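Trainee: Please take a close look at one part of this model, the ligand site.

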Amino acid sequence: MERTLVMIKPDGVERNFIGKIISIFEEKGLRVVALKKLKLSKEQAKTFYIVHKERPFYESLTDYIISGPVVAMVLEGENAIKKVREIMGATDPKEAEEGTIRKLFGVDKEKNTVHGSDSPESAKKEIYFFFSEYELIGAEK
Ligand code: CMP
């Protein structure tokens, strides 16, 4: 069993797709271990996306991610990190495969509706960025 962090970005929350997106993950066998809706501060957004700090889109990305509420969740399943990334589709919705969340709902590279951790290291960092140990309730509990 593996855990990963998924964030529904402001464009997904704004267009009322929270339930639809969670359903897609659940239908593919992933389970919700933790879930919350919140609005990030600019400082929090800059920390969350710190790996992109040298990228030209860092300022715009962090401004966008604080433009409205997001939903953060921890999902659990076999190969959850890879599975979630497959279900989300390519970063650019134009390049995403049919049936993926970004193909279905994504607007552009920035407003691409969902974020998912890209490695076990970032999953751990991102899970504890949003949640405390006591908030993580796996199927075994
Ligand atoms: P995400 O999975 O949240 O991780 C970093 C984000 O940066 C990525 O999704 C995109 O939303 C965003 N991003 C990546 N490349 C670009 C780009 N060229 N222009 C704007 N945003 C980008």
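Mentor: What follows goes through the ligand site and then some residues in the loops.

This is a predicted model, in which local features need pLDDT of at least 70 and side-chain atom pairs count only at pLDDT 80 or more, while totals for chains, interfaces and linings use all residues. Residues are numbered from 1 along each chain as its sequence is written, and side-chain values use heavy atoms, with hydrogens and water left out.

The residues around the ligand are Lys9, Tyr49, His52, Phe57, Leu61, Thr91, Arg102, Lys109, Glu110, Asn112 and His115 (a residue is near a molecule if one of its heavy atoms lies within 4 Å of it). By class, this shell holds 3 nonpolar, 4 polar and 4 charged residues (Ala, Val, Leu, Ile, Met, Phe, Trp, Tyr, Cys and Pro count as nonpolar, Asp, Glu, Lys and Arg as charged, and the others, Gly among them, as polar).

An N or O atom in the side chain of tyrosine 49 is 2.7 Å from an oxygen atom of the ligand. For arginine 102, a polar side-chain atom lies 3.4 Å from a ligand oxygen atom, and a polar side-chain atom of asparagine 112 also lies 3.4 Å from an oxygen atom of the ligand. Taken alone, the ligand exposes 460 Å², and the protein buries 80% of that (accessible areas come from the Shrake-Rupley method with a 1.4 Å probe; for residues, only the protein chains shown count as cover).

Asparagine 112 is in the loop between α6 (101-105) and β4 (114-116) (helices, H or I, of at least four residues and strands, E, of at least two are DSSP runs, numbered from the N terminus). Its relative accessible area is 2%, so asparagine 112 is buried (under 20% is buried, over 50% exposed, in between partly exposed, with a 1.4 Å probe and protein chains only). The side chain of asparagine 112 makes a polar contact with the side chain of lysine 9 at 2.7 Å (a pair of N or O atoms within 3.5 Å; within protein, one must be able to donate a hydrogen and the other to accept it, and residues adjacent in sequence count only if both atoms are side-chain atoms). A polar atom of the asparagine 112 side chain also lies 3.1 Å from the backbone oxygen of threonine 91.

Histidine 115 is in strand β4 and counts as buried because its relative accessibility is 12%. Its side chain makes a polar contact with that of glutamate 126 (3.0 Å).

Threonine 113 is in the loop between α6 and β4, with phi near 70°, a positive value in a residue other than glycine. Threonine 113 has a relative accessible area of 0%, so it is buried.
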